[in-house]
Amino acid sequence: MDRRSGSKRKEARTAAGSSSSGGDRITALPLELRAQIASLLSFDETVQLTVLSRAWRHIHLHTPVVKIYLHAFLSFRDIYFDEAQSVRGLLDEDSILAVRVALGRRALEASSSKVDTLRLVSDIDDRRMRRHAPRIVALADARVIRFLSPFAASDADARNAWSLDLPPAARELEVITRSHLAPAIAGPGAASLRKLRLDYAVLSEWPRLPSLVSLDLNSVTVEAPFAPGAWCPLLDELDLFCCKIRQARVDIRLPRLRFLDMDSVDVAPHRRDTEAPYGVITIDAPELIQFEIDCAAGGTTDYKSFTLRAPRLRLLGWRNQYSERMVIDVGRPGSVKFGGITLKSIYSRGMMYYREQMMRMLQGLLPNILPENLDDVAKPYLTLGDWSDSDDDDEPKHENEKQLTCDLKGLVMSHGM
């Protein structure tokens, strides 16, 4: 019997047996799919895959998502990562430097793929990590950067100023700072950044981002004057959720803004010792087509004044926010055809005040109707009912727990021009 023939049969049996295993089925996938699978791992774990076989030798050069954790005790389910995580973190210098070297080689390798998304967890209060994190951001040169820092160890740490230099490829940035100051955004990518999201940060100074078109602030405390037109004039979309603005004025004057959402935006001084109306809000957006404002009844300070100029507005959703003075200018009467207005009275303010606000709003939406006739015209489209903020159906309702709703679409369709 030919020894070479027997050797070939042995190789064939080995290959046949291996091909039935799950590992080889994955290895047989195209490089792009294998790289996406490897992206589920942290980058240091992806580098370890390179010793499996020749097919996996360069897998770390092609993963579209690079995850690097420079923090220990990270075990949580976080919407930031959209997945459950239990991560040991890279703490020793050798491990961190090994990751930096691997990223550096990837940046220099001509056949490597561009990093699309960098997910970096680092403690910005740790001086050593603050030295490594900027270098990792620069080496990855990712289009999307998502940065997470844990809660500040103390109030003093929370006020530590820090910066984030964006690489040239950066177009989207998300920062969750866990009660820290928001970073000063700089670097070659700052001028071309398109989307920015900040979570749980304190904004003491606005970054100048001339190309920004989308800004999302979630649970952010704003200490700086709120006038976004001065630092990101090209904004197309602005979302504010559970934000605290510690200024007397909110001045939104944006020539290109089309979408604006204000959900539970509290405009009040640092230490408010009164529930008196506070804050002068002005929105001047000639291209605005959709505006929604919402708050839990009594959840925010009443506004002293609210002015809206939006001649192209098509959708208005207004829920519960009270303003002492209300001016709405939407250009042509009846142009707002979608949305609705819902106002809930609370313990400190009766429905009479909310009905007056409703009439002021409708006067701005339908200026073609004389003020003395507006009440009769709007009456068929207004609904007054009870509401309660208690989950107990048997608990007696407070006399001021009323809800006034306007069928805006029906009213406009019947009486708009």
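Where is L29 found? L29 lies in the loop between α2 (22-27) and α3 (31-38); helices (H or I, at least four residues) and strands (E, at least two) are DSSP runs, numbered from the N terminus. This is a predicted model, in which local features need pLDDT of at least 70 and side-chain atom pairs count only at pLDDT 80 or more, while totals for chains, interfaces and linings use all residues. Residues are numbered from 1 along each chain as its sequence is written, and side-chain values use heavy atoms, with hydrogens and water left out.

**Whole chain**
- The chain has ten helices and 25 strands.
- Of its 417 residues, 46% count as buried (under 20% relative accessible area; exposed is over 50%, partly exposed in between; 1.4 Å probe, protein chains only).
- Among contacts (heavy atoms within 4.5 Å) between residues at least 6 apart in sequence, 53% join residues at least 24 apart.

**Surface patch**
- L29 counts as partly exposed because its relative accessibility is 30%.
- Together with I26, L33, I37 and L40, L29 forms a nonpolar patch on the surface.

**Helix α5**
- Helix α5 (residues 93-108) has 16 residues, which at 1.5 Å a residue should span 22 Å (the expected span is 1.5 Å times one less than the number of residues).
- The end C-alpha atoms of α5 are 22 Å apart, which agrees with that span.
- The buried residues of α5 are I96, V99, A102, L103, G104 and R106.
- Those buried residues pack against α4 (43-48), β1 (65-70) and α6 (127-140).

Conventions
Patch = residues over 30% accessible without salt bridge, like charges linked within 9 Å, V, L, I, M, F, W, Y side chains within 5 Å. Areas by Shrake-Rupley, 256 points an atom, 1.4 Å probe, with all protein chains shown as cover. Salt bridge = Lys/Arg side-chain N within 4 Å of Asp/Glu carboxyl O.
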